[in-house]
Amino acid sequence: MKDSRLPKSIFIVLAAFAAIYFWSNYAQLPEVVASHFNSRGAVNGWQTKSVFFAFFVGAVALSSLVAFGIPCIISKMPVDLINLPYKEYCLAAERKVGTLNFLDRSFAWFGCAVLLLVTTAVNYAIQRNLHREAQLDPSALVYVLGGFFIFTILWLIRMLTHFTTHPDSGLRGK
């Protein structure tokens with residue numbers, strides 16, 4: 001895909017569903033919620049539910065900044081301030097649009113990954129607070145965190161190979 005419409009659409013749908021789902025559970029939560037858990041799933045931190053959801057909103061705002069803000073900022077920056085390997089090549093007039101589109105797509109996908117991680121963690125906390133008698137398995141969080149870690153490594157490799165392969169070597173990333 002040559003543009004960032006798909007990841008940005010996925011991000012917006014995920015954020016909308018998360019907001020609706022979490023808001024629908026807000027009234028059911030106690031005033032003080034379990035908000036932090038150790039590796040075995042035992043509670044080791046508490047917050048008021050308003051602070052808990054404020055952190056969620058802040059995390060969504062941060063992932064929105066990654067998905068939408070950073071590419072927008074980069075596109076408006078003077079070329080002198082952009083730090084890329086071979087930036088003269090990548091940001092030459094005939095390649096600048098392609099480079100900015102690549103960054104836009106890449107950051108949109110990364111924003112989706114951050115949002116998925118955040119919503120999974122918040123959902124786990126909500127479920128633990130709504131079903132205190134149930135012993136929820138924290139392994140789902142570990143799997144999502146592991147997936148995020150793998151995604152981040154692959155994302156970094158893609159970024160590095162795209163921008164660090166010398167343009168004259170014939171090995172230029174696509």
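Which residue forms a salt bridge with Lys 8, and how far apart are the closest N and O atoms?

Reply: Happy to walk through it. This is a predicted model, so local features need pLDDT of at least 70 and side-chain atom pairs count only at pLDDT 80 or more, while totals for chains, interfaces and linings use all residues. Residues are numbered from 1 along each chain as its sequence is written, and side-chain values use heavy atoms, with hydrogens and water left out.

The partner of Lys 8 is Asp 104, with the closest N and O atoms 2.9 Å apart. A salt bridge here is a side-chain nitrogen of Lys or Arg within 4 Å of a carboxyl oxygen of Asp or Glu. This one links distant parts of the chain, since Asp 104 belongs to helix α4 and Lys 8 to helix α1, 96 residues apart. Helices (H or I, at least four residues) and strands (E, at least two) are DSSP runs, numbered from the N terminus. Asp 104 is buried, at a relative accessible area of 16%; buried means under 20% relative accessible area, exposed over 50%, and partly exposed in between, with a 1.4 Å probe and protein chains only.

The largest share, three residues, comes from α1. Trp 109, in helix α4, is partly exposed at 35%.

Phe 102 and Phe 163 form an edge-to-face pair, 5.5 Å centre to centre with 75° between the planes. Rings of Phe, Tyr and Trp (its six-membered ring) pair if their centres lie within 6.5 Å; planes under 30 degrees apart count as stacked, over 60 as edge-to-face and the rest as tilted. Phe 102 lies in α4 (residues 96–130) and Phe 163 in α5 (residues 139–164), 61 residues apart. Phe 102 is buried at 4%, and Phe 163 is buried at 3%. Another edge-to-face pair joins Phe 107 and Trp 155, at 5.4 Å and 75°. Phe 107 lies in α4 and Trp 155 in α5, so this pair ties together parts that are 48 residues apart in sequence. Phe 107 is buried at 13% relative accessibility, as is Trp 155 at 15%.

For context, the whole structure holds four salt bridges. Another of them joins Lys 49 and Glu 31, with the closest N and O atoms 3.6 Å apart. Lys 49 is buried at 6%, whereas Glu 31 is exposed at 57%. The charged end of Lys 49 also sits over the ring of Tyr 26, 4.5 Å from its centre; that label requires NZ of Lys or CZ of Arg within 6 Å of the ring centre and within 35 degrees of the ring normal.
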